[in-house]
Amino acid sequence: LEDQYSPSRWSRRLDRDTIIDVHLEVTAAGTERARASAQTLLHVPYGNGDGEKLDIYFPTNPSETFPVLVYIHGGYWQCLSKDDSGFAAPPLVSQGVAVVAVGYDIAPKGHMDTMVLQVRRSLVFLTEQYPRIRGIYLCGHSAGAHLAAMVLCTDWTEFQVAPDIKGVVLVSGVYDLEPILHTYVNDVLNMSREVAQRNSPMRHVTPAVPAACEVLVAVAQHDSPEFRRQSQEYSQALRAAGWSVSLLDLADVDHFDIIEKLSEDSYLLTQVDRRAVPR
């Protein structure tokens, strides 16, 4: 399990220490470029907590209303931040789509229940504060894909606002947290079995409502067998519950460049994102 839930061990490009450093450099540099080229509103508070802030990248030529892609970063719930999460913005803002990078309290400060609630609340905030938004599209990577998947099983009645979520792109995610309990990842998260079960999207697949959004589950050829299994089984569970879901198995990428390449216009997943978000 330690091996299976260590994505850096499965890359064919670089050794396990180098690939994480490179990932941090690539996402930080891409975000810097995005901030330099787009109209932005940074560190927008959606709550009172230190980590409860958003970065908004506005479309180059916004129409009266515009769709928004909300990006939820990975980092195994314990590293990375919204400050390195704007790299995917340029190809989208140029097409009239706003991009929002969500911050949340990572561990050890943040508890799993807290992170899930924060992501849900960030969507409520966007819905209430930006009436010009025409549909929300979620994209999450790794731990961020887990948090985006937890959005799918939200009971919005307790928030008294239901965000208009049109589509969800889940990239190399973890959808059952129980195996994590037995690995180094839980040293910082400190989850109990109850917490892991409560926050496992695989255990809370709800029947699709008639207007349910479309879901794309993407996984890398060089993700570990466990990551690949989780993606396949979660997509099957959604399909069985009536969701419109596609599984995209991307060749020649690993757990890291599967998401880094979203800064490239020509990348397949970038094109899928753009097609999924009608302007």
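This section describes helices, loop residues, backbone geometry and cysteines in a predicted model.

The UniProt record, an unreviewed entry, places the feature "domain: BD-FAE-like" at residues 54–182. Over this segment the chain is 26% helix and 26% strand, and the C-alpha atoms at its ends lie 33 Å apart.

At the start of H1, the backbone nitrogen of Asp 17 has a side-chain oxygen of Asp 15 within 3.1 Å. The buried residues of the helix are Ile 19, His 23, Thr 27, Gly 30, Thr 31 and Ala 34. Viewed down the axis of H1, the buried residues fall within an arc of 100° and therefore line one face of the helix.

Helix H4 (143–152) presents another case. Of its 10 residues, 10 are buried, so H4 is largely enclosed by the rest of the structure. These buried residues run from Ala 143 and Gly 144 to Val 151 and Leu 152, and include His 146 and Met 150. Gly 74 is located in the loop between strand E3 (66–72) and H2, and is buried at 1% relative accessibility. Beyond its neighbours within four places in sequence, Gly 74 contacts Cys 79, Leu 80, Tyr 104, His 141, Ser 142, Ala 143 and Gly 144.

The loop between H4 and strand E6 (165–171) contains Phe 159, which counts as buried at 16% relative accessibility. The C-alpha atoms of Phe 159 and Val 124 are separated by 7.5 Å, with the two residues 35 apart along the chain. Apart from neighbours within four places in sequence, Phe 159 is in contact with Leu 117, Arg 120, Arg 121, Val 124 and Thr 154.

Several backbone features were also identified. Most residues other than glycine have a negative phi, and most peptide bonds are trans. The bond from Ala 107 to Pro 108, however, is cis, with omega near 5°; Pro 108 is in the loop between strand E4 (98–102) and helix H3 (112–129). Positive phi values occur at Ser 172, near 50°, and at Asn 190, near 55°. Ser 172 belongs to the loop between E6 and helix H5 (186–189) and is buried, at 0% relative accessibility. Asn 190, in the loop between H5 and helix H6 (193–198), is exposed, with a relative accessible area of 62%.

With a sulfur–sulfur cut-off of 2.5 Å, the count of disulfides is zero. For Cys 79, the nearest cysteine sulfur is that of Cys 139, 17 Å away. For Cys 139, the nearest is that of Cys 213, at 13 Å. Cys 79 is partly exposed, with a relative accessible area of 38%, whereas Cys 139 is buried at 0%.

Conventions. Residues are numbered from 1 along each chain as its sequence is written. This is a predicted model: local features need pLDDT of at least 70, side-chain atom pairs count only at pLDDT 80 or more; totals for chains, interfaces and linings use all residues. Side-chain values use heavy atoms; hydrogens and water are left out. Buried means under 20% relative accessible area, exposed over 50%, partly exposed in between (1.4 Å probe, protein chains only). UniProt positions are given in the numbering used here, feature names are shortened, and annotations may be inferred rather than shown by experiment. Helices (H or I, at least four residues) and strands (E, at least two) are DSSP runs, numbered from the N terminus. The arc is that of the directions from the helix axis to the C-beta atoms. A polar contact is a pair of N or O atoms within 3.5 Å; within protein, one must be able to donate a hydrogen and the other to accept it, and residues adjacent in sequence count only if both atoms are side-chain atoms. Contact means heavy atoms within 4.5 Å.
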